[in-house]
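Please examine the sequence and the model shown below.

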Amino acid sequence: MITQGQHWLVRVVRQAKLQGADALDVKSDLPLTIAWQRVCALCSIDTDTLAAVVASAFRTTTANLSAAEPTATKLLPASIARKHMVFPIRDRERYLVIATANPTDPDAESAVGFASGRMPQLEIAPPEAIERAIEAAYSVDGAVESILRLVGEGDVRLVSDTEAEKVSLDEIGSPPVVRLTNAIISEAIRQGASDIHLQPTPNIGVVRNRVDGVLRNTMQVPLPVMTRVISRIKILSKLDITEHMRPQDGSMRVAISDRNYDLRVSTVPTRGAEKCVIRILDTQASKTLSEIGLPARELELLRKQLKRRDGIVVVSGPTGSGKTTTLYAALGEIATEDLNAMTVEDPVEYELAGLTQIPIESKRGVTFASALRAILRQDPDVIFVGEIRDAETADVTIQASLTGHLVLTTLHTNDALGAIRRLSDLGVDPAAITQTLRASLAQRLIRRVCPDCAKPIGAQLTTEENRLEQEFGTRPTVRAIGCDRCADTGYRGRLPVVELFVMSPEVERLVLAGAASTDVSVAAIAGGMRTLRDSALERVRAGETTLEEVERVVGEKAEGDGSEPAKTSIATTAAASAKPEEDASPSVLVVDDDSANRLIARALLDRAGYKVVEAENGEQAWELISARPFHLVVLDLDMPRMGGREVLKKMRSTPATSSILVIVLTGTSDPESEMELLEQGADDYMRKPMDPNRFLSRVKAALRRAQG
């Protein structure tokens, strides 16, 4: 007789008339694994035998976990599998076969059906075996291993800040997350990236590299993987990995192919996760002024000012415009053995022989102003100040230049004449400005057309090129096309466009008289100053860049005439908006050459609150997928101009798109063909004609699985 409070396993083994079953006393509130172990012990059987008994009692079969299809795990999130101790074995379009140790749990069946969009069919397996299968299939390390198979691994070695000896990361440990972190860093350096962005979104983690000033999507990984990678980077950067609610800054030095790189790491808290940005500094990449590509006219004028032994030379521009690179090149030319050159920087970005370089350490009281005062007692000839940020630093800089020192520095201003306004805002007297400011160089970096794929423009211009020609008054000479060498961007490498102002008697008179900025600008241009816009257009006429790039970097009109922004192609528009969506509404791309199917899918998805984009063929779909991180792609198989199978293959073989969910629409009813699609990387499939309710259920289930 079964008493109230007895476990359901007691009824099963008594019905099977197992030895010792009548004496069993197993309470219903015991954890499932312990209940199975106790029943096996008291009945003198193993867990496999008990599984067969349970399967017979519930008129099902025992599960063969070793024969589970890897594609089935895509249909059930790890959180559901672990919570209800179930493991997906086979997918049969309408049904999902799962292994369970408790066939009496209705909550598990409901959760599986809700998450997978399929009706669950139960098979029985021991709880310990199910737990092992779940860990093997759903562990983060397993997900990382699959990503590494796509991206390969990079040879990255950590270099101590205080020792020249290089320490292999293998000595620290080599789990998959360590190898993936190495791969991310080495791939960014291989691409020539200046920054790596590890950015979480509501459903995925996106790795983006800034190459030639433009962010490129490089990889998508599950959020748990992204979290572990960021934790690994924080450990290497000596940051507090237990602190997730405040910004942190750190650094590390790595060696790749026997070349050292300094990595500046910054983390900030976002909703539910941390974002990490890594600035890559090549410690051996310093160049001369000739090598950085300054225009010949401005190069000659700048070198003339650098030969002076007093005064201030300013390089201005926004972050990432190459200011520090230009000043290091200048220092490399003038810091000879007969001069004492000293720098104060935050941080020291490049190590130059023959220079005394002082890093800012605010916690120890080493600021720009205090370091400058100390430097003045070191008998310097040339001083480099990383940036004039405040009135105190500005005042000490002016004093240094007035006492017979040449000072090189940077300011955050939009143009060359902005240096006058900025120094004035910091409280510097106009007379002191005119007496000390020798030259001001405003700089931007503009992408160079790829020499392997750029094509000369003939007599026929496109509509966009016509618009830009009218806007800038300059005819374009080359067209950016795109190839494997430039990652299909049409550009490779960057060039400086500059605006060099040299103090003249007329400008000095206007500044002392308190003249308007426009009057000062007119006088500087009349004196020979070439604007950023003019410098950029000279690059266009020389066939080094395009008007599209000039518009992106310099703007439509330097004078700000308020004209309409440029229209762009699908790829350009998508790339410009390649930042992942910050809100919780997933973005879905519907790809089908049948407009009726697209219309139905869009209506259903719009009503459900998703962001929907359409593509009518495979080529258009791949252009969009390459440019922005969709959460899900609904993909038809049979289409002109690249079929769905080819799109799926490209997505799964490209790190940047390998983690995007894909639901395939197929007209076949062949189970082998459908299993082949899942093996090739599809996350789910649906047969045509499309059933609206089932379609929406499958979409929701796929996104829930990803989020889980």
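Are Tyr328 and Phe384 buried or exposed? Tyr328 is buried, and Phe384 is buried as well, where buried means under 20% relative accessible area, exposed over 50% and partly exposed in between, with a 1.4 Å probe and protein chains only.

## Basis of the report

This is a predicted model, in which local features need pLDDT of at least 70 and side-chain atom pairs count only at pLDDT 80 or more, while totals for chains, interfaces and linings use all residues. Residues are numbered from 1 along each chain as its sequence is written, and side-chain values use heavy atoms, with hydrogens and water left out.

## Aromatic pairs and a charge over a ring

The structure holds two aromatic pairs; rings of Phe, Tyr and Trp (its six-membered ring) pair if their centres lie within 6.5 Å, and planes under 30 degrees apart count as stacked, over 60 as edge-to-face and the rest as tilted. One of them joins Trp8 and Phe58 in an edge-to-face arrangement, at 5.9 Å centre to centre and with 85 degrees between the planes. Because Trp8 belongs to helix α1 (residues 8-15) and Phe58 to the loop between α3 (47-57) and α4 (78-84), this pair ties together parts that are 50 residues apart in sequence; helices (H or I, at least four residues) and strands (E, at least two) are DSSP runs, numbered from the N terminus. Trp8 is buried, with a relative accessible area of 18%, whereas Phe58 is partly exposed at 34%.

Tyr328 and Phe384 have ring centres 5.8 Å apart and planes at 75 degrees, so this pair is edge-to-face. The pair links distant parts of the chain, with Tyr328 in helix α11 (residues 323-334) and Phe384 in strand β15 (residues 382-385), 56 residues apart. Elsewhere, the charged end of Arg118 sits over the ring of Tyr685, 6.0 Å from its centre, a term that requires NZ of Lys or CZ of Arg within 6 Å of the ring centre and within 35 degrees of the ring normal.

## Strand pairing

An open sheet of three strands has the order β1-β2-β3, with mixed pairing; two strands pair if DSSP finds at least two bridges between them. Its edge strands are β1 (86-92) and β3 (119-124), each of which pairs on one side only. Strand β2 (residues 95-100) runs parallel to β3 and is joined to β3 by six bridges, with Pro120 of β3 as the bridge partner of Leu96.

Strands β7 (residues 204-211) and β8 (residues 214-222) run antiparallel and are joined by eight bridges, and Ile204 has Pro222 in β8 as its bridge partner. The two strands form a hairpin with two residues between them, and Asp212 in the turn has a positive phi of about 55 degrees.

## Helix packing

Helices α8 (residues 176-191) and α9 (residues 223-236) pack at an angle of about 80 degrees, with their axes 9 Å apart; axes are lines fitted to C-alpha atoms, for helices over the stretch in contact, and angles run from 0 to 180 degrees between N-to-C directions. The contact (heavy atoms within 4.5 Å) involves residues including Val177, Leu180 and Ile184 of α8 and Val225, Val229 and Ile233 of α9.

## Surroundings of Glu508

Glu508 is found in helix α17 (residues 505-512) and, at 32% relative accessibility, counts as partly exposed. Glu508 touches Thr434 and Met503, not counting residues up to four places away in sequence. Gln435 is 73 residues from Glu508 in sequence, yet their C-alpha atoms are 8.5 Å apart in space.
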